[in-house]
Amino acid sequence: MTAPALSIEGLTLALPAMADRANAVEKVTLAIQPGETLCVVGESGSGKSMIAHAVMGLLPKAVKPVAGSIKLAGRDLLALDEEAMQDVRGREVGMIFQEPMTSLNPVMRISDQIVETFEAHGLHDRATRRARAIDLLTEVGLPDPPRLAKAYPHELSGGQRQRVMIAMALALEPKLLIADEPTTALDVTTQAQILKLIDNLRHRHGTAVLFITHDMGVVAEIADRIAVLEKGVLVEEGTADQVLGSPRHPYTQKLLAAVPSLTPAELPPLPETAPVISVEGLGKTYRKRSLFGVAREVKAADDISFALVRGETLGLVGESGSGKSTVGRCCLRLIEPDRGRIALGDLVLSELKPAELRHQRKRIQMVFQDPFASLNPRQTVGRIISDGPVAHGTPRKEALARARELLELVGLSANAIDRYPHEFSGGQRQRVGIARALALEPDVLVADEAVSALDVSVQAQILKLIKDIQSRLGLAILFVTHDLRVAAQICDRIAVMQRGRIVESGPTAAIFADPQHAYTRQLLAAVPGGGRFGH
Amino acid sequence: MNLAQFLAGRLVKGVIVLFAIAVLNFLLIRAAPGDPAQVLAGEAGAADAQLLEQLRARFGLDQPFLTQLWIYLKGYLTFDLGFSYRQQQPVLNLIMERLPATLLLTGAAFIVSLAVGTAMGALAARRAGKWSDSLITTLALAFYATPLFWIALMSQIVFALKLGLVPNVGYETIGANYTSLARALDIGQHLILPALTLGLFFTALYARMMRASMLEVAGADFVKTARAKGVSQARVWRRHVARNAILPVVTLAGLQAGQLVGGAVLTETVFAWPGIGRLMFDALVQRDYSVLLGVFFVSSAMVVCFNIATDLVYRIVDPRIEAHA
Amino acid sequence: MNFLKRFARNRGALIGILILLAVVAFALLAPTLYPQSPWRPVARPFLAPFVNERFPLGTDTLGRNLASGLVHGARVSLMIGVVSTLVALVIGVPLGAVAGYAGGFVDDALMRFTELFQTIPSFALAIVLVAILQPQLGSIVLAIGVVSWPPVARLVRGEVLSLRSREYVQAAVTIGQSTPRIIFSQVLPNTIAPIIVMGSLMIGSAILLESSLSFLGLGDPNLMSWGYMVGAGRTRLLDAWWISFFPGFAIFLTVLALNLAGEGLNDALNPRLARGRE
């Protein structure tokens with residue numbers, strides 16, 4: 001057995017006094033062999049990211065290592081002073097981060113940012129540095145490297161920026177690459193490409209990879225070994241087959257069970273009734289205004305048509321920029337569509353005047369994506385839920401009584417009425433959001449990425465809640481999501497969107513089993529860990 | 001949009017601003033108590049009945065409102081800003097004589113305040129929490145609250161009168177008849193105190209802004225990326241933090257142009273600096289409203305030009321701007 | 001309670017509040033301390049400070065009691081500062097709120113108008129307004145209010161714009177709340193804090209502006225103002241420095257106190273941002 005590239009022993013990182021626990025991570029022991037990929041997986045707050053930062057010596061001031069060692073090629077990194085660490089960073093360990101949109105210096109050219117890595121370690125002369133930079137850009141698969149080298153970050157897409165980050169991290173051929181949620185902010189197709197890139201480079205250069213993620217699908221796709229963290233404690237560790245196939249710790253089992261399967265669920269067939277919402281030829285175009293020169297047009301939604309009956313869930317699936325969110329918001333006229341017809345039963349919503357629209361809004365409601373931004377921090381939960389009925393003439397007392405019932409319905413206690421949003425967790429706030437939407441007894445519910453910002457275990461609970469409520473109240477649900485697994489479990493039918501148009505639609509099971517359109521096939525193929533989680 | 005489009009757009013905007021100010025001047029003349037002819041004549045000419053008649057005829061003061069407005073604006077279009085009966089010269093001449101001195105003063109104050117302010121702010125940010133930071137922050141707070149005219153007077157007493165380090169008032173030593181380099185140095189000596197006191201408030205402002213901006217940028221993701229590459233702390237602060245942090249400060253500096261020009265009135269008055277600010281003060285004392293409004297107009301034009309210049313600098317300094325429009 | 005605790009932790013803010021209270025106290029007690037008009041000569045001119053008990057800060061060129069002038073001047077400065085700030089708020093807040101919420105053409109038009117005002121050198125405009133409308137309390141307050149509103153409008157517009165796209169405001173639209181109700185119960189309560197902070201800082205700039213105008217001789221001739229006192233002592237800087245020094249120092253202290261208090265307010269109302277000061 002060769003010496004490990006990285007060996008963490010008994011690492012404990014202490015948090016400041018006011019945090020919700022004493023240590024970010026406690027007595028964590030890990031090892032990565034050269035050329036191996038170790039995935040450290042956990043939910044938010046598990047401390048996985050802190051481990052990555054500790055290896056690089058980039059911990060925030062408030063977090064301090066109080067025990068243990070981090071040995072890179074035999075040398076304890078925690079014992080090094082800042083100057084020695086600067087030498088290690090970039091040369092022996094490379095790191096890539098989560099947010100490609102903000103991880104590059106906006107006022108420095110791409111080439112200069114890569115060259116900086118060489119400069120910082122005093123390697124090569126000017127000409128060689130520039131040549132090496134272009135080589136690296138080619139190696140990470142970027143188009144037209146000489147031109148891209150002269151560009152600024154804002155001219156590149158998220159996926160392209162992440163490739164640049166990888167180029168910078170691997171410029172000096174470090175023994176270890178740390179990837180801190182590098183694909184979480186990327187579309188699923190881009191994610192697949194980046195994962196493949198990292199894997200290729202790993203094989204080519206023999207780099208060990210420490211991959212931090214919360215996404216079990218990604219883990220299934222790329223991990224050689226897996227370490228599971230729960231609230232700072234390492235609860236399980238082993239090879240990918242061991243951990244995914246026969247998990248020993250209950251937390252690991254819970255995490256794995258919470259991952260929605262890619263095989264569509266068996267849903268009971270729906271009775272043939274008149275549609276409760278029908279959309280025809282919906283369109284929304286954005287024009288970029290400019291004083292001089294040609295205005296650019298972007299068709300966010302183009303000729304969208306669909307219909308839902310009572311109790312049916314339609315999934316609007318697509319990547320960022322597909323227009324799915326726009327369509328969802330147009331259905332509520334939160335964004336005004338440019339053309340098309342939206343009808344709720346007999347009522348033609350799209351033709352209503354503002355005053356009448358306000359009255360009819362109760363028939364279609366929305367659950368928003370961000371549990372932290374969708375509730376007014378200055379209002380009590382009771383006020384938030386009862387505001388809707390009050391706005392339509394219900395006396396406050398009656399509305400509050402109803403709010404109590406709704407809180408119970410969504411799985412929260414009725415005393416939540418007097419508490420403020422900041423006292424609740426993300427999942428609980430999303431329940432409040434659902435209660436708010438239900439307060440007006442709508443016929444249709446639009447869920448705009450309603451579970452995307454939640455941890456996977458909480459996500460499973462909320463999805464179950466939504467399904468229960470739907471069967472109880474007979475709601476029609478328009479479920480907007482980028483996550484195909486979620487769509488597989490909860491949607492009767494799916495409409496796949498790309499660049500503003502629906503490219504394919506039909507029953508979920510049919511589409512997953514036999515996708516017709518090339519884009520749908522591409523989307524399904526890109527879902528990480530597809531093979532593993534098909535139970 | 002490219003450079004030509006940008007310039008064209010800003011020039012159009014500038015012309016609209018100046019047009020609005022000319023209209024405002026016209027309205028102010030009518031809003032003043034008394035007869036508009038008397039206002040135009042100023043105190044010097046108010047007693048001269050014949051002069052008033054001439055003015056009434058010339059400006060069509062008995063004609064409909066819009067005609068009067070048109071006549072007045074026509075004057076601006078032909079660079080006629082009125083006539084000072086007190087000084088017996090066209091207002092434009094008076095202003096043009098003194099404009100260079102004001103440009104020199106405000107230009108120097110601007111450059112010094114921006115350079116010193118951002119340097120101090122950057123230093124305070126790097127040493128955040130230490131005593132040097134507290135010192136700079138406290139000084140900045142104090143200078144930000146200091147009335148310009150008062151500090152001008154006090155520094156006059158201390159540095160000029162008591163300590164004799166710099167000249168007390170004026171633009172250059174009268175009667176010395178220096179030429180070229182010697183003259184430049186002489187003017188420079190006279191410039192020190194006025195420029196420093198005029199810029200004091202802005203130095204404090206830019207220091208505070210730069211410090212806050214640097215601390216904010218220091219927490220940005222790309223700074224972490226730079227550190228992860230092994231770049232030294234000093235270089236991170238310089239090339240990543242400061243380079244990005246200075247952008248909002250430049251924007252702020254551009255917005256301060258109006259304040260700077262206004263402050264010149266006080267500075268020039270205290271130091272007897274022969275610029276348009278001093279001219280405005282004299283016009284106040286002499287109740288020469290034509291000159292007053294003329295200086296007001298020209299100082300606005302200065303601000304417009306200044307804004308265009310800073311916007312150009314900002315475009316050069318921030319590569320994202322081309323993409324936005 | 002939380003808010004007061006946070007505020008108290010900021011030493012600078014506490015000092016600011018204390019100084020302000022002192023200034024306000026002097027202003028309120030002016031008629032009791034020095035019942036005579038500060039314009040009346042009461043002793044021989046150019047009396048040095050700290051010499052005579054009855055004239056602790058000396059006398060000026062005409063033998064007027066400097067201490068009396070200071071105390072009466074406090075009333076003038078505070079009053080003009082507060083009232084003109086209110087005028088600026090009354091103009092700027094609604095303008096900014098409407099621009100931010102309405103968006104589109106209305107927003108554009110209002111912002112062009114605000115930009116126009118910001119391009120005009122504010123002090124020069126104030127001078128012109130006061131000179132033309134003749135120096136008196138009303139024109140001074142109006143002039144200061146008129147040149148001070150653009151930053152308020154910008155601030156309010158920015159806040160309202162960012163709030164308008166916040167999800168809980170969008171949620172309020174979807175549940176059918178009426179627009180006025182949304183503005184009042186969702187948007188405005190979250191903009192009050194920055195407006196208050198800006199308001200307190202504006203009182204300081206208003207006082208600076210007023211004193212500058214008085215220094216140039218554009219003050220209300222019936223009101224003894226600190227700015228006027230500084231200007232009056234200009235000719236005797238070398239031998240009677242105190243005439244210009246004390247009133248200017250009073251302006252400095254008051255504005256400093258207002259800035260400290262305003263920043264303390266800001267930190268107390270935005271605990272997240274205070275983190276940046278380490």
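**Where chain C meets chain B**

I began with the contact of chains C and B, which takes 36 residues from chain C and 48 residues from chain B. I kept in mind that this is a predicted model.

Next I asked myself which elements of chain C give two or more residues to the side that touches chain B. I found four entries to write down: helix H4 (104-119), helix H5 (122-132), helix H9 (192-215) and helix H11 (242-269) of chain C. H11(C) gives the most to this side, with 8 residues.

I then sorted that side of chain C by class and noted 22 nonpolar, 12 polar and 2 charged residues.

**Where chain A meets chain B**

I turned to the other contact with chain B. Here 28 residues of chain A are in contact with 23 residues of chain B. On the chain A side, the elements that give two or more residues are helix H2 (82-91), helix H3 (110-120) and helix H6 (158-169). Which of them gives the most? I looked, and H2(A) does, with 5 residues.

By class, I noted 13 nonpolar, 10 polar and 5 charged residues on the side of chain A that touches chain B.

**Chain A as a whole**

I stepped back to take in chain A. Its secondary structure comes to 19 helices and 20 strands. The C-alpha atoms fill a box of roughly 70 × 55 × 45 Å along the principal axes.

I wondered how the radius of gyration of chain A fits a compact globule. For 535 residues such a globule would have a value near 24 Å, and chain A has 25 Å, so the two agree.

I also checked burial: 47% of the 535 residues of chain A count as buried. Then I looked at contacts between residues at least 6 apart in the sequence of chain A, and 69% of these join residues at least 24 apart.

**One helix pair in chain A**

Last, I picked a pair of helices. Two packed helices are described by the angle between their axes and the distance between the axes. Helix H13 (residues 381-391) and helix H15 (residues 426-438) of chain A pack at an angle of about 25°, with their axes 7 Å apart. That angle makes H13(A) roughly parallel to H15(A), because angles under 35 degrees count as such. I noted a right-handed crossing where H13(A) passes H15(A).

Which residues make the contact? From H13(A) I listed Val381(A), Ile384(A), Ile385(A) and Gly388(A), and from H15(A) Val432(A), Ala435(A) and Arg436(A). By class, this contact has 5 nonpolar, 1 polar and 1 charged residues.

Definitions and conventions:
Residues are numbered from 1 along each chain as its sequence is written. Chains are lettered from A and ligands numbered from 1 in the order in which they are written. This is a predicted model: local features need pLDDT of at least 70, side-chain atom pairs count only at pLDDT 80 or more; totals for chains, interfaces and linings use all residues. The radius of gyration is taken over C-alpha atoms; the globule rule is 2.2 Å times the number of residues to the power 0.38. A residue is buried if 20 or more other C-beta atoms lie within 10 Å of its own, exposed if 12 or fewer, and partly exposed in between; C-beta atoms are placed from the backbone. Two residues are in contact if their C-beta atoms, placed from the backbone, lie within 7 Å. Ala, Val, Leu, Ile, Met, Phe, Trp, Tyr, Cys and Pro count as nonpolar, Asp, Glu, Lys and Arg as charged, and the others, Gly among them, as polar. Axes are lines fitted to C-alpha atoms, for helices over the stretch in contact, and angles run from 0 to 180 degrees between N-to-C directions. Angles under 35 degrees count as roughly parallel, over 145 as roughly antiparallel, 65 to 115 as roughly perpendicular and the rest as oblique. A crossing is left-handed if the near helix is turned anticlockwise from the far one by less than a right angle, and right-handed if clockwise.
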